[in-house]
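This briefing covers a ligand site, an annotated position, a loop residue and a strand with its partners. The structure is shown first, and the notes follow by topic.

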Amino acid sequence: MQRLRRLRKNGMLRGLVAETRADVRKLVYPVFVRFGENVKEEVPSMPGVWRYSVDRLREVADAVMQAGIAGVMLFGIPEKKDEAGSGAYDENGVVPRAIRFLKEYCRGKRKGFLVIADICLCEYTSHGHCGALIGGEVENDASLPLHTEAALAAARAGADMVAPSSMMDGVVEAIRGALDGAGFFSLPIMAYSAKFASAFYGPFRDAADSAPKSGDRKSYQMDVRNAREALREILADEREGADIVMVKPALAFLDVVKSARENTLLPLAVYNVSGEYAMVKAAAKEGWLDEKRTVTEIMTAFFRAGADIVITYHALDFARWQRSEDE
Ligand code: PBG
């Protein structure tokens, strides 16, 4: 008789036949960097996640290196926002300063980590949209030069990778062209290719104060009902020169992750977003879920669905739990 339980008898056997293992070296930790000095403030809707001023990033750098995770993804909170989102491409803006600080801090250390710059305008515009707002519309082509300038500012500051997240058409091609034109031929682009207009970004928008002041993002982010269109986005970014493609959010879109895996040969990232993190944290706090087991199951699911890279606020916790398991 076929007995599938034979191989489930004990931990050794289960480990031997396990098909997937969540790997901390494949995780990226998102970090919020804010203006000011000597500030570390917790994001109310994301317990365990803080906004740091640049001078306090040492703490994050040490934790990330100790955890052995692949890198950080930076999001900026500027002191002032304006119509054109100029903080996004200011060479002395929060993110370029954070990049310089982190790269300098890890220089010469045995274990370094990657510094990835999210490239978008929503944290920097007074209207909270991800591009140039002209006559009440987010104008695609007028937004592209703002993105290329932001990518160049990150590149000049020493970023290891740039990650355009605004869902403007042609943004990957525009950034690739600008980077190559400035000699940054080897700087990879991780494209937020299939980014859905999702309710799960709520806590992030609190953290970055980046909610649109009017309307929503549905004219540029994807309709959550569309999986075939997600593949069109991914294939378009691949043609435009993306080095890594991404599906975001993660949990409610694992069907998209799986079909992306089957339809592109590029490395595939998933972004386990703020709302997904907040749900787990809230339930764990109430004692309704075992946080460690829940997070481990979720991380495993991403890799099982075909992700190569997982961007997650759980990264530091997960790495700590893995370490204690290995010991
Ligand atoms: C910026 C951006 C957003 C997120 C990452 N980059 C917010 C948005 O589109 O409103 C969300 C990340 C998260 O929820 O953790 N465009």
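In which sense do strand 1 and strand 12 pair, and over how many bridges? The pairing of strand 1 (residues 27-34) with strand 12 is parallel and runs over 2 bridges. The model is predicted.

**Strand 12 and its partners**

- Within the pairing of strand 1 and strand 12, L27 is opposite V310.
- Strand 11 (residues 268-272) also pairs with strand 12 in the parallel sense, here over 4 bridges.
- On that side, Y271 stands opposite I311 of strand 12.
- Strand 12 spans residues 309-312, and both of its faces are covered.
- I309 and I311 are buried on one side of the strand, and V310 and T312 are buried on the other.
- In a regular strand, side chains alternate between the two faces of the sheet.

**Ligand surroundings**

- There are 19 residues around the ligand, and those that come nearest are R205, Q221, K248, S274 and Y313.
- The side chain of S274 has an N or O atom 2.7 Å from an oxygen atom of the ligand.
- R217 places a polar side-chain atom 3.0 Å from a ligand oxygen atom.
- For S165, an N or O atom of the side chain is 3.4 Å from a nitrogen atom of the ligand.
- On its own the ligand has 400 Å² of accessible area, and the protein covers 100% of that area.

**Annotated position E233**

- An unreviewed UniProt entry lists E233 under "binding site".
- E233 belongs to helix 7, which covers residues 228-240.
- Is E233 buried or exposed? E233 counts as buried because its relative accessibility is 17%, and the cut-off for buried is under 20%.
- Leaving out residues up to four places away in sequence, E233 touches M167, S193 and M222.

**Loop residue H129**

- H129 sits in the loop that lies between strand 5 (114-119) and strand 6 (132-134).
- With a relative accessibility of 5%, H129 is classed as buried.
- Which residues is H129 in contact with, leaving aside its neighbours within four places in sequence? The contacts of H129 are L121, C122, V138, P212, S214, D216, R217 and Y220.
- One of these contacts, R217, is also the residue with a polar side-chain atom 3.0 Å from a ligand oxygen atom.

Note on methods:
Residues numbered from 1 in each chain as written. Predicted model: local features only at pLDDT ≥ 70, side-chain atom pairs only at ≥ 80, totals over all residues. Heavy atoms only, no water. UniProt positions renumbered as here; feature names shortened; annotations may be inferred. Buried < 20%, exposed > 50% of the residue type's maximum accessible area, 1.4 Å probe, protein only. Contact = heavy atoms within 4.5 Å. Near = heavy atom within 4 Å. Polar contact = N/O pair within 3.5 Å; in protein donor to acceptor, adjacent residues only side chain to side chain. Areas by Shrake-Rupley, 256 points an atom, 1.4 Å probe, with all protein chains shown as cover. Pairing = 2+ DSSP bridges.
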